[in-house]
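Reader: Hey, I'm new to reading protein models. Can you walk me through this one?
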Amino acid sequence: MNLQEVRYRDYLLPSDSDKVSAIVRSSGFFSTEEIAVAAELVNESGSKGPSSGYFFLFAEAGGDMAGYTCFGPIPCTKESFDIYWIAVSGCLRRLGLGKELLGRTEEKIKEMGGRRIYVETSSRPQYEPTHAFYSRCGYGQAAVLEHFYSPDDHKIIFLKVLSY
C-alpha cells in the first residue's frame with residue numbers, strides 16, 4: 001500500500017460499524033466487549049450526530065477501510081480532547097498509516113479548538129509497541145492509574161499539547 005493512494009473521510013457510512021469491528025478485531029488485542037464498544041461509538045455518532053461527542057476519521061485504500069480514529073472533546077473542558085480509538089487493519093500495520101491518521105486527527109482537533117490531546121492505553125506487555133508509537137509521535141506519559149483495568153493492568157495516559 002502506498003500512503004498516496006489512501007483516501008480519508010470524516011463522515012459515516014452505514015457499513016462503518018461492521019468495518020470498525022473487523023479492524024479492531026484484527027489487532028488481536030481487544031476483548032469481545034471492547035470490540036462491541038468500538039462499534040457502538042460508530043452507531044451512537046450515527047444516531048446523534050455531533051451531539052454524541054464522537055468524531056471519526058476513516059482511512060480507505062482500494063475501496064476498503066484501512067484504519068480509523070475516534071476522538072472527541074472531553075466534557076466540561078475548554079481545549080482537551082480524547083482519542084478513544086486508533087486502529088489500522090492488521091495486514092497494513094508498520095507502513096506509516098497509523099502515524100498519518102494520528103497527524104490528520106490532530107489537525108482536525110486543532111480545527112475544533114483542541115489544544116490538549118489525551119490517549120489512554122493498557123500497561124500490559126503487548127501494548128509496549130503502542131507506548132513506543134505514542135512516544136515517537138510526540139506524546140508523553142502524563143499519568144498511570146494503577147490496577148485500573150485489572151490487578152497489575154494499569155491505565156497509562158499519554159498527553160500531547162498542540163502548538164498553534
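Reader: Okay, is Thr121 buried or exposed?
Author: Thr121 counts as buried, because its relative accessibility is 5% and the cut-off for buried is under 20%. Keep in mind that this is a predicted model.

Reader: Got it. Where does Thr121 sit?
Author: Thr121 is part of strand S5, which covers residues 116-122.

Reader: And which residues does Thr121 touch?
Author: Leaving out residues up to four places away in sequence, Thr121 touches Tyr127, Thr130, His131, Tyr149, His154, Lys155, Ile156 and Phe158.

Reader: Switching topic: which residues of helix H2 are buried?
Author: Those are Ile35, Ala38, Ala39, Leu41, Val42 and Ser45. Looking down the axis of H2, they fall within an arc of 140 degrees, so they line one face of the helix.

Reader: What do they pack against?
Author: The buried residues of H2 pack against helix H1 (16-26) and against strands S2 (55-61), S3 (64-73) and S4 (80-88).

Reader: And which residues are exposed on the other side of H2?
Author: Over there, Thr32, Glu33 and Ser47 are exposed.

Reader: How far apart are the ends of H2?
Author: The end C-alpha atoms are 24 Å apart, which agrees with the 24 Å that 17 residues should span at 1.5 Å a residue.

Reader: What comes just after H2?
Author: Gly49, which takes a positive phi of about 70 degrees.

Note on methods: Residues numbered from 1 in each chain as written. Predicted model: local features only at pLDDT ≥ 70, side-chain atom pairs only at ≥ 80, totals over all residues. Heavy atoms only, no water. Helix = DSSP H or I, 4+ residues; strand = E, 2+ residues; numbered from the N terminus. Expected span 1.5 Å × (residues − 1). Buried < 20%, exposed > 50% of the residue type's maximum accessible area, 1.4 Å probe, protein only. Arc of directions from axis to C-beta. Contact = heavy atoms within 4.5 Å.
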